[in-house]
Structure formats: C-alpha cells, structure tokens
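Please look through the sequence and the structure below, and then follow the explanation from one part of the chain to the next.

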Amino acid sequence: MKAPTFSKGGVHPDDKKSLSREQKIEVLPLPSELLVSLSQHLGAPAKATKAKGDTVIRGEKIGVASGFISADVHSPVSGVIVDIKAVTLANSVSCDAYVIKPDAEQPAWPTEKTDWHMQSGEELLAEIKDYGIVGMGGATFPAQVKLSIPKDKDVNVLVVNGVECEPYLTADYRMMLEHGAEALEGAMIAAKIIRARRVIVGIELNKPDCIAYLKGIVSQNNLPIEIVGLKMKYPQGDEKQLLKATINREIPSGKLPLDVGAVVCNVGTCNAIYQAIVFHRPLVERIVSVTGECIAHPKNILAPIGTKTSDLIAFCGGFRSEPEKLISGGPMMGFAFFSQDTPICKGTSGILALPPQKPIRQTPCLNCGKCVAACPIGLEPARMYRYITAGDYALAMANDLMDCKECGCCSFSCPAHLPLVQAMKTGKKMGRKKK
Amino acid sequence: MNTQPILTVSTSPHTHAKCDTSTIMWMVSIALTPSALWGVYSFGFRALLVLAVSIGTAVLSEYLVTQLARKSPTLWDGSAFLTGLLVGMNMSPRVALFIPVLASLFAILVVKWTFGGLGANWANPALGGRVFVFFSFTSAMSTFQLPRCLQRLLDASMVDSLSGATPLTYLKTRTAESLSTSSQLLASGNYPVTGFAQSVGQALHISPYTVDSFFGNVGGCIGEVSTLLLLLGGIVLILSKVITWHIPVSFIGTVAILNWIFGGMKAGLGVFHGEILMPLVSGGLFLGAFFMATDYVTSPITHKGQLVFGFGCGFFTFLLRNFGALPEAVSVSILLMNIVTPTIDRYIKNRKFGEVVKQPKKEAKA
C-alpha cells in the first residue's frame, strides 16, 4: 500500500537530519545562569509569583497562568532569583524573565511511579494544567486548553504528531527512539482525557527505525494505538496536513481540529504529559537539537528551560565556521535571532547555526505558479503579494490571507526570490490593525 | 573561532529550493538547443546566422533599455537570450536579416519593456515579435526551404515549385480542390519524402509524411521542424519541473481530438475519421505547446487554468488551420489565449483546503 500523505501542495526541502540523527540525547551540565521567561506559551504571559532575591526549589511554580489561554511556569532548578528583567525571545517577543542562579547541589527528581489509570479525566487535566504543559512542537499552545473538549463536541480521534517535517531537527526522532514507551503512555493519558476512541501516531518514512520501534512497543503491550508511516512532504507536521494525511479530514478555514472530531498532540507533549502525570515533574526541561553546518559537534541535548543559546553551543564544541544565522526552530518556520544570550523556551525544538548562503537575486514575479502549486492551503501567494505590496490589505484579507500559516512553501519555491512569507506576515498585521 | 559572530536576522524560511529565474530561463534555452541545432544542420549556415542575429538583437536591445531606463542590469536572468532564441527559431531560414532584427526589437522593446519588462508583459515577447513581422512581411515569412535531405531527392525543375512549401502551406493551397486526406494530397502532389520515412511508414501503416515531419525532414521555420527533438526538450523541462504537463498535454490533446472528430469532414469522410498524427507533427505545434504557450508570465497561474488555456490554444489552432486564411495558426492562437489569461486567472481558482464544494441542488424532475 502506498504511504499516505496530504494531497494539496507541499515541498521537499533537503532534510539535513543526518547531521544530528545518530547523536544520543545528552544531558546538559548545569549552566551558571538561567533566563526563565514568563511568556513561553501562546496566550497571556504568566504572572510572576516570586521577587528578586527569593530562593526557589527545583520544580516550584514561579509564574501562574493569567487567563484562559495561558500556562504556569516552574523553576527548572533550585537556586536564587538574581534579577527579573526584560528579555527578547527568539521570536522577537519581549517579556519579563527570571534570572536564576542555580545552586551547586540539585535535588533529585522523584522516581516513584503513579498509576494514572485510577484517576478521572478531570483530575488528569487539572494536573496537566498544574505542571505547565504546553504544545512542544513549536506553537506552544497550552495543553490543558487543547485537551478540554467542549461538551457539544464529539472528539473520537487523537493524532499524535511524530512527523518532525522541518529539516535538521532530530529532537522528536531521538525522543521517540529513547523514550518511545513513555511517549506512547503519555498519548494514552491524553486519549483518556479527551475520551478518544482511536489513537494514531503519524511518523514520516525518513524515520523507519522509529516506526518499527514504536510498532514493537505497541504489539508487546497490546496498546490500542496505530502507528502510521507517512510519505515525506513538508509541512506534514502542521495539524491541518497531518489530519488530512492520517484520517483524511479537512479542517475548514478558521476552525480547529476539534471541529472535525480530532485532537492533534505532539509526541514531545505526550512525553511531557507522561513525566507530569507519572513522575509529577513539571515541564522544566526539553530536548533541543543543536545542529546546522556551523556547529562543531551537532547534538541532541536535554536542557533546562531558560538555558542560554551560548551554553548549548559551547556544549557542542562551539562553531566550526562562522554562521550567518542562528535560528530557533527549523529552517522553514524558525525564527532567526541575533543574540546568543537568547534563552530556550518550552517550544524550542532546535537551535540551528547556518552558514552564509549565496546572495539572492530577486527578479519580478514571473507568474510561474510554483507558489500556487506549493501552497498546502490552496492560496495564490503571488497574487496576495501583489495586493499587499500595493497596500490593499482588505483585498488580501478577502482572498483568505488569514488562512496562511506562514509555512514557507511559497517563499521556498519562488524562483524570483520574492519575500512572500514576509509580505503575508506584514499583510496580516496591517489587515488586523485596519479592522 | 570567533564566538560572537555578526548574525543576520530575516523572516523564515531560511532555506530555498535550488531554482531561480535565471536557472529556469537557461534551462528552457538548453532544452531548445537540440531542435535549433537540427534546424542549422538541415538548412545550413544561413539558419545559424538568423539565430545569431535574433539573439544578438534581443540581448543588445535589452541591455540598452535597462541602461536608458537606469534599471539594474537584467541580462544575467537569461530572459532576453531566450526571447531572441525563440524569435530566431520562429524564422524561416531564408528571410532577409532585417526581419529577425525587427522581430527581436519589437519583442523586447514593445511587447516586453513598454509594459515594464520581465513579468509584466501581456503577451509572449517572442510570439509578439514573430506575429508582428509575419503580418508585415507575410510572403517572406512564409517562404521556406526544404531541408538538405529532401533537396537531394528533387530534380532541378521541381525545386522551384516545391521549395516554398511546408506540408501545411502546400495543403492550404490544395484542400479546396479535392476530397482526400492531407497525406493523400501530399502524395498526389509528389511532395518529396525520404526513403527512410517510406519504409518506416509502411512498417507502421502510417503516412510517410508524418514520419518525415516527426523526425524533422520537412521545410519550415528553423526551430519547429523536428517534433522529436522538441518533444525530448519538452520532456526534459517537465521532468526538471520547469514546466508542468498541463498546457502541452491539453494543447496538443485538443488539436488531436478535434482533428480526429472533425478533420475528416472536409475530405468527405464524416466525423471521427480525421487524420490525427499529421496535424500534430506539422507546423509549430510542439514548439508552441512546450515552449511558447508555457511561458509563465502569459499563462494562467493555476493548473486548472492552464488546462483551460491549453484547450483554448488547441481549439483556436484547429479553427484557424482549417478555416482561416493562413496556413500556420499556432502563434496566433497562443496570442489570443495570452489575452484571455488574466480573465482565466480571475475566474478559475483552486479549491481552498477545507472548503466544501457546494453541491448544486438537484432540480425536481417534472
């Protein structure tokens, strides 16, 4: 049988995962200073509950959610809050962050297992909220919001996202290979909360060992989980494309997976849920792929949230050659940032150091239609570009500009090198302002 | 190693497909080269001269325009070279050299740059140039030369009577007078054919004229004669994803189907008895379908629109060839469809992801 994928658009960037795919997850030695931001999730920043000079304990709550769409923040280490100052995150968001100086001795995490099967969905959901779990694929949507199903919705499928379609990144790949059983149990917990009747794990075929390994676990433990190998195509890791590929349902414009009876959850999030429910560990550390042609020894690192980029790069042996860009996330949708003091957040799946590229030569739009063929949503980016550069944001909005999710397929394939995604981002901002 | 490098901040994506405007233009030029070389081989040095003059004029005028308009130079993108090459390939090898000069000038200066240069032209520049000189110097543009393989077959007396004719122009003068298919007409007029084509034709039970036209042993424009080499070039472009199959397939397919259905009617054979292969391999159909109709700027942006565009090109080609005054119809058909392109783009849109196609309400049966 042919491996499924989504049908409309998509591109095939060079996957570059070989740089770090063989590197086992390594634990980062404790950095000398952490910058724990209060805005590590989609939605309102958390409210600080500690002040300068306070001592904190590893796993202690140091920020509380300040709205429905918001998440709690915990301290990754025991130590002293040296300062609270404004920092700029990789995605250019400015927010307050704790500067924490860790103690030399750190308390160990509890290793006692809790049996979650006896707990009700509501209790589990409350714990997930309490441990500050957010979507770890990059969008960092608070998990308790995603898993709270409104009474009038019938959700029957949980799709676990193990696609990792962005080039370079191998964090989810390593996690599935080394903590696959935990992640699958986390998926079962999530499935219990949303009362899903089917659990599907979607993994791209460039990770055959993952697929085989997880299938082995499933059959050994007789888990009600389907592991599906998907034909490689970017952006399959987007929930719209993933649902189309796995269960052939299309989310209409402006709707959520809920509206087609499904919830999509990243494998990293499933693992975080497992750690929270079974070991009562809040989300204070994550696996980061530090890779790219300019990194001396690319690695997959388990690092506390708030670790500065410079510490990660130093752990990888520094730069092999001078990078042109540092990117948080993947090369298709990640954010380029300028300071190595930038800390990692709950959603940072990778830090890439990319070499200088050939200078691009922009030409006028050729109307070639490559962007139209690449757009997974079926928009006409070239036309949208014309509207936006002419300042007609209303017309762009009328042509479904808001459906664009900035996946980068259009810019990637544009032979004229037009800054299409940039225009879309501008158009959305200006369009919203005008409304 | 420097630990604090100076970093660039830019919008995602940070990676790009290995394809830009100039690669595309040069790829198309390369794909055209075998057919152009075949033209030079068949028609001699004169053909090379015509090609060189066309390309030279196009490139030079592009350069001068950008200089005069104080624009950044654009020669590197290869579009002017491609325009010149296409203009040259659309010339008869015997034209006076001022004709390709005029055609290239018209293509670059009028069709391309009066509308703002690359990406802004409403018609394919090379086609615009060709049609401009075609209607200005019709007789010179429709006087052709037989390729060397056919000239050898003719005795001196016949060279004059036949040298000016491609199969299409020859048929145009003859169809009115008799009732038979185009291949029969060519045979009855002793249109020359190679021995190779005769044997292949016999083996496959097809007209030897079709075989000759397919391999390029016919009179015609420099670049249009070898259907085989054009087809190969076109396949290379499709495989390298420079163009998609939509326009060539719908264009050529429409010509084939319309000729099959209606093409035999003039010869009194009724519907569904037309000759299919001969119309496909004659004239500039393959050159037009693979290399000129697929010009990005002047064809629709969606695949659905491209199918409609190709169908329109094929439809007009069939109409003009069979009912128009002139033998060649491909370039005019493409120009006509170039004009319709914005309209196609306006009304033919892709289905958006998640959009429900509205089911038309079933009308109650009376």
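This is a predicted model: local features need pLDDT of at least 70, side-chain atom pairs count only at pLDDT 80 or more; totals for chains, interfaces and linings use all residues.

Strand β10 of chain A, which covers residues 198-204, is mostly covered, since six of its seven residues are buried.

On its other pairing, β10(A) is joined by six bridges to strand β11 of chain A, residues 225-230, and these strands also run parallel. Within this pair, A:Ile203 stands opposite A:Gly229 of β11(A). To pass from β10(A) to β11(A), the chain crosses through helix α4 of chain A, residues 208-221, in a β-α-β crossover that is right-handed. A right-handed β-α-β unit is also made by β9(A), α3(A) and β10(A).

The next part to find is another sheet. Six strands of chain A form an open sheet with mixed pairing, in the order β1-β14-β13-β17-β15-β16. At its edges stand β1 (25-27) and β16 (335-337) of chain A, each of which has a single partner strand, so one side of each is left without a neighbour in the sheet. From one strand to the next, the twist averages 30 degrees. The partner of β16(A) is strand β15 of chain A, residues 325-328, and the two pair in the antiparallel sense over three bridges; here A:Leu326 has A:Phe337 in β16(A) as its bridge partner. Helix α3 of chain A, residues 171-194, packs on this sheet and touches β1, β13 (285-291), β14 (299-304) and β17 (350-354) of chain A, while its direction makes about 125 degrees with that of β13(A).

Is A:Cys294 buried or exposed? A:Cys294 has 23 other C-beta atoms within 10 Å, and because a residue counts as buried when 20 or more other C-beta atoms lie within that distance of its own, A:Cys294 is buried. Apart from its neighbours within four places in sequence, A:Cys294 is in contact with several residues, including A:Phe319, A:Arg320 and A:Ser321, as well as A:Ala353, A:Leu354 and A:Pro355. By contrast, A:Lys370 stands 76 residues from A:Cys294 in sequence and 31 Å from it in space, C-alpha to C-alpha.

Conventions
Residues are numbered from 1 along each chain as its sequence is written. Chains are lettered from A and ligands numbered from 1 in the order in which they are written. Two strands pair if DSSP finds at least two bridges between them. Helices (H or I, at least four residues) and strands (E, at least two) are DSSP runs, numbered from the N terminus. Axes are lines fitted to C-alpha atoms, for helices over the stretch in contact, and angles run from 0 to 180 degrees between N-to-C directions. Two residues are in contact if their C-beta atoms, placed from the backbone, lie within 7 Å. A residue is buried if 20 or more other C-beta atoms lie within 10 Å of its own, exposed if 12 or fewer, and partly exposed in between; C-beta atoms are placed from the backbone. A crossover is right-handed if, with the strands pointing away from the viewer, the path from the first strand over the helix to the second runs clockwise.
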